[in-house]
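The sequence and structure are shown below.

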Amino acid sequence: MARPRRYDHDALRTRTIEAAKLLLEEGGPAALTARALASSVKTTPGTIYNLFDSMSAVLQEVNRQALVDLAIAVDAVRETEPRERLLALAEVYVTFMLDRRAVWRALFEGPRISNNFPDWYLAQIDGLIGRITQPVAALKPKGDPRLLAEQLLLSVHGIVALAAIDRLDLITRQKPMDLAHAAVERMIAAIRAGAE
């Protein structure tokens, strides 16, 4: 009788997450199956399920890494005056997501695992909004800076959403970065004009 193969749990888990990213890049969320993942890391689907409770759990780990990577990219934007910082943050978001379209799809098009998102997921999103809130607050708006930051993120995200699935051209010929800059400039102009 053959003995079970031994493996380094943490190393295989890390390799599996990296393989999941590659599968997502090649074929989107539908390509992420236990069989394809097991084949990529030269193990069995059963081993994948020993490492992760479900394929949704694998997807969550890919999402976790993507959100951490996004936070690192956002944190690399240097402190400067609010307008410059907001433009730079928009550029980072657009570039990050469009350079990783498959990961973007996994974050926002992948299967919803439950009605409740994990605390770490919500904390990462909250952190991103907080990073946008800081320069918005420095503009001293009449309205709540946090709500304005949420609105700005949603504006830029909508641009990225269409660009990531190659549908932006249905609405405009403008480039995603130009549209993101325009969204930032509109918000700043509204704040400076005293709008709430």
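In UniProt, an unreviewed entry assigns the annotation "DNA-binding region" to residues 33–52. The span of residues 33–52 is 70% helix and 0% strand, and its end C-alpha atoms lie 13 Å apart. The unreviewed entry also lists "domain: HTH tetR-type" for residues 10–70. Residues 10–70 are 79% helix and 0% strand, with their end C-alpha atoms 23 Å apart. UniProt positions follow the numbering used here, feature names are shortened, and the annotations may be inferred rather than shown by experiment. Helices (H or I, at least four residues) and strands (E, at least two) are DSSP runs, numbered from the N terminus.

The model is predicted: local features need pLDDT of at least 70, side-chain atom pairs count only at pLDDT 80 or more, and totals for chains, interfaces and linings use all residues. Residues are numbered from 1 along each chain as its sequence is written, and side-chain values use heavy atoms, with hydrogens and water left out.

**Helix packing**

Helix 4 (residues 55–75) and helix 5 (residues 82–99) have axes that come within 10 Å and cross at roughly 145 degrees. Axes are lines fitted to C-alpha atoms, for helices over the stretch in contact, and angles run from 0 to 180 degrees between N-to-C directions. From helix 4, Ala66, Asp69, Leu70, Ala73 and Val74 make the contact, and from helix 5, Leu89, Val92, Tyr93, Phe96 and Met97; contact means heavy atoms within 4.5 Å. The residues of this contact divide into nine nonpolar, no polar and one charged. Here Ala, Val, Leu, Ile, Met, Phe, Trp, Tyr, Cys and Pro count as nonpolar, Asp, Glu, Lys and Arg as charged, and the others, Gly among them, as polar.

**Nonpolar cores**

A nonpolar core is a set of buried Ala, Val, Leu, Ile, Met, Phe, Trp, Tyr and Cys residues joined through side-chain atoms within 4.5 Å. Buried means under 20% relative accessible area, exposed over 50%, and partly exposed in between (1.4 Å probe, protein chains only). The largest nonpolar core has 43 residues, of which Leu86, Tyr93, Met97, Ile132, Leu152 and Val156 touch the most other members. Two or more residues of this core come from each of helix 4, helix 5, helix 6 (101–108), helix 7 (119–138), helix 8 (145–164) and helix 9 (176–192). Leaving aside residues up to four places away in sequence, Val156 touches Ala90, Tyr93, Val94, Ala180 and Ala183. Ile17, Ala20, Val41 and Val58 are among the members of a second, separate core of 20 residues.

**Individual residues**

Ile129 is found in helix 7, and Arg85 in helix 5. Not counting residues up to four places away in sequence, Ile129 touches Arg146, Ala149, Glu150 and Leu153. Ile129 and Arg146 are 17 residues apart in sequence, and their C-alpha atoms are 7.3 Å apart. With the same exclusion, Arg85 touches Val77, Arg78, Glu79, Thr80, Gln134 and Pro135.

Most residues other than glycine have a negative phi. Lys42, in the loop between helix 2 (34–40) and helix 3 (45–51), has a positive phi near 55 degrees. Asp166, in the loop between helix 8 and helix 9, has a positive phi of about 55 degrees.

The table lists the accessibility of these residues.

| Residue | Relative accessible area | Class |
|---|---|---|
| Ile129 | 9% | buried |
| Arg85 | 5% | buried |
| Lys42 | 63% | exposed |
| Asp166 | 53% | exposed |
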